[in-house]
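Please open the model in a viewer and keep the sequence panel at hand. The stops below are given in the order in which they may be selected.

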Amino acid sequence: MLRTLKTISSPNHPFSIPLKPFSTQPLTKANLRNLVLNHYSHGTFSNLLHNVIALPSVLLTACQNLSNSPPSTTKTSLLTSVSNHFSIDQMGHEIFQNKFDISSSCVKVAPPSPSGEPLFLPNLKLKVLIEAIRMVLEIVYDEKFVTFSYGGRVGMGRHTAVRYLKNNVTNPSWWFNVSFCPNKFDEFNVDKLCLFIGKKVKDAMLINVIKKLFECQVVRIELGGCYLGRGFPQECGLCSILINVYFDGFDREVQEMRLQMNRKNPKFDLNELGFKNSNVFYKPEKMYAVRYLDEILVITSGSKMFIKELKDRVLDFLEVNLGLKVDRVKTAIHSAVSEKINFLGMELQAVPPSVLHPPMSEKAIRARKKYLRQKEVRALELRNARERNRKKLGLKILSHVFKKLKQSNNGFNFEFRIENEVTEIFRTWADEVVQEFLQSLEGRWNWHRLLSRGDFLSLRHIRHQLPQDLVDAYDKFQEQVDKHLTPIKARNALEEEERRVIEEEEQKYAEHTVDDLTKLCMKVSAPIELVRKAVRMAGFTNNMGRPRPVSLLFALEDTDIIKWYAGVGRRWLDFFCCCHNFKMVKTVVSYHLRFSCILTLAQKHESTKHEAIKHYSKDLKVSDMNGNEEVHFPTERDVKMMGDKNLSDPKPVDGAISLTLIRLASEEPSHSCVAHFCDRTDTIMYRVRLLQNHLNLNPSDEAQWVKGMGAIHESLNRKCLSLCADHINDLYMGKITLQDIDCTSFVEVD
């Protein structure tokens with residue numbers, strides 16, 4: 001028996017204050033930006049809730065951001081879909097009159113056990129308001145944040161932070177990662193956050209709305225937790241920008257520390273001071289900082305005493321000025337060279353440049369020489385083939401010309417003229433042959449020796465007895481032979497080229513040796529042991545590291561099984577593509593996950609692994625309803641071609657491995673799709689199964705699960721949701737997360 005979670009709808013208040021005419025189209029980014037900037041005066045923004053957020057066009061723009069409909073969906077159909085759920089015009093008037101009831105728009109999900117915490121989720125209408133506030137605050141604050149603030153910003157994602165660490169941080173000596181004690185934003189933190197917002201936004205009603213969102217717990221910030229920024233239903237996009245606003249004062253304090261250090265250690269060019277090509281090296285003390293939401297990393301190239309003072313100053317500011325609880329024991333100083341540090345789910349270490357760009361091994365050198373030899377053999381075969389084809393074609397041309405001459409009654413006079421065409425063809429061939437011949441130093445040497453050796457015309461007593469015209473003709477011929485066939489200049493040029501290549505290699509070797517002794521770079525690696533542990537915990541491999549089937553997925557369709565594995569693999573590949581050991585992650589996805597999927601399909605159908613490979617192939621191909629082949633899991637060739645190319649913030653990796661959706665066969669009436677503003681009723685009911693509950697593991701316990709792995713709220717374990725074919729495919733493939741669907745529309749199972 002299925003029953004729908006009860007929600008309390010907001011009462012319909014009569015409205016009397018008219019707003020601006022309702023626009024039926026969402027605003028573009030430029031128009032929304034201009035609309036917000038129109039309310040900027042004397043360094044502050046005012047009346048944003050009344051004059052911007054309450055506008056129906058702005059709310060419709062928020063609906064467009066939340067919508068997961070295909071790109072082909074028109075704006076008119078978006079407005080129609082939104083109108084089927086609630087009235088944009090009425091919602092705008094409720095916000096304008098400060099009558100929007102936030103508490104009635106929240107749904108409380110009771111925990112399965114008395115000791116658990118309830119989960120408060122916003123309904124679709126409240127999500128639109130939260131998204132509208134996020135869009136406005138993004139325009140107000142995004143360009144005001146410092147450059148080392150990442151997360152929740154446009155074009156400033158996780159990979160951008162990693163690129164900064166790899167490309168800009170040089171010669172690090174010491175670093176520390178700020179570790180917060182797990183604590184939620186309480187009333188003190190919320191008041192301080194609203195105080196920070198009030199300095200830039202003079203809008204008491206907007207600040208009261210943000211306070212109300214925290215009071216109703218639909219917006220919740222927990223520092224030091226394991227699920228911040230993971231895309232789970234208990235999060236929202238507004239949290240990221242509020243965290244950046246809260247830490248903005250801290251960021252500016254760190255920026256001031258960096259500027260003070262730069263003034264004490266100015267940059268100068270050694271070449272301009274006359275130290276070019278000398279053994280003098282200048283390493284100024286520098287400070288680097290990166291903050292991604294609540295993860296803070298501080299790096300210095302100075303002494304340990306300096307970073308101790310810097311650490312105390314940073315922690316004092318966080319505790320005194322921001323009122324945050326810092327774990328001073330875990331916030332320890334580490335050596336950048338001898339110790340690794342975890343940041344953004346990756347491992348950082350300072351290494352010499354030769355570690356990041358190692359020289360070619362002997363095996364690689366032998367392979368390259370073998371490739372060059374094969375390339376020369378192929379070039380020789382092509383040259384011989386061209387000569388053979390030219391000979392055949394030339395004989396055909398001569399045979400054709402001779403045949404036409406024999407058939408002509410007028411001798412050499414006939415109607416068509418082909419002398420020019422034939423001459424041009426043979427001239428082209430001759431030029432190509434000459435060019436190929438001149439490129440061969442050995443051939444030129446042989447012909448020069450044959451044409452200039454011991455000829456009687458070069459003897460002096462013979463030359464006086466011959467006509468002068470013959471002697472002059474012979475001398476001119478010898479000049480042309482020396483000009484075109486002498487190998488001395490060519491050999492000198494070849495020797496010069498070889499000498500230049502050797503000198504360049506020696507120079508590069510010397511520079512690399514000096515860099516290894518004087519320079520340190522940042523190495524970013526995927527925590528491969530944690531990845532393997534996650535693979536083992538999830539059941540992809542056994543204790544020996546061999547792929548094994550996952551019995552939890554037997555209830556799924558074959559295509560859904562492949563899509564689930566593909567979603568996990570693609571998210572891991574996107575997340576770790578900027579790591580130095582990305583090849584090992586490729587091996588985990590291409591081998592462990594691929595063959596675990598094959599074994600799951602084989603055991604489901606009670607067949608062998610070879611039969612499953614024969615049916616699905618190693619690329620896991622499946623056929624759609626029309627018989628067309630589809631490939632969802634990345635092929636082996638695609639995995640090999642992947643690399644550090646993506647700068648966007650990757651999708652969370654935890655959600656893909658934390659839950660599965662089991663299709664239910666039910667005679668209940670059809671429900672609408674739970675994706676935002678999706679009106680399709682041809683849906684299928686799926687039951688949510690949390691992997692940590694199935695494995696009887698506690699994700700917050702590092703000894704049982706993986707450190708930093710997020711946890712979905714356990715209250716969702718006995719819930720069901722209805723999704724259409726398009727959105728269930730997006731959810732499996734990781735294109736959307738639980739944050740992108742209306743979790744208040746879940747149904748509960750008895």
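The model is predicted: local features need pLDDT of at least 70 and side-chain atom pairs count only at pLDDT 80 or more, whereas totals for chains, interfaces and linings use all residues. Residues are numbered from 1 along each chain as its sequence is written, and side-chain values use heavy atoms, with hydrogens and water left out.

Select residues 287–292, which form strand 11; helices (H or I, at least four residues) and strands (E, at least two) are DSSP runs, numbered from the N terminus. Six of the six residues of strand 11 are buried, that is, under 20% relative accessible area with a 1.4 Å probe and protein chains only. M287, A289 and R291 point one way, while Y288, V290 and Y292 point the other way.

Strands pair if DSSP finds at least two bridges between them. Here A289 has V298 as its bridge partner. The two strands form a hairpin with two residues between them, and L293 in the turn has a positive phi of about 55°.

Next, show strand 6 (residues 149–150), which pairs with strand 11 in the parallel sense over two bridges. The bridge partner of S149 is R291.

Move to the three-stranded open sheet of order 2-3-9, in which the pairing is mixed. Its edge strands are strand 2 (40–41) and strand 9 (201–202). Strand 2 pairs with strand 3 (residues 44–46) in the antiparallel sense, and Y40 stands opposite F45.

**Aromatic rings**

Display F180, F185, F196, Y246, F247, F250 and F317, which form one aromatic cluster. Rings of Phe, Tyr and Trp (its six-membered ring) pair if their centres lie within 6.5 Å; planes under 30 degrees apart count as stacked, over 60 as edge-to-face and the rest as tilted. The count comes to 14 aromatic pairs. In one of them, F540 and W564, the ring centres are 5.8 Å apart and the planes at 50°, so the pair is tilted. Both residues are buried.

**Helices 21 and 22**

W564 lies in helix 21. Select helix 21 (residues 558–575) with helix 22 (residues 582–604): they pack at about 170°, their axes 10 Å apart. Axes are lines fitted to C-alpha atoms over the stretch in contact, and angles run from 0 to 180 degrees between N-to-C directions. The two helices are therefore roughly antiparallel (over 145 degrees).

Terms used
Angles under 35 degrees count as roughly parallel, over 145 as roughly antiparallel, 65 to 115 as roughly perpendicular and the rest as oblique. Buried means under 20% relative accessible area, exposed over 50%, partly exposed in between (1.4 Å probe, protein chains only).
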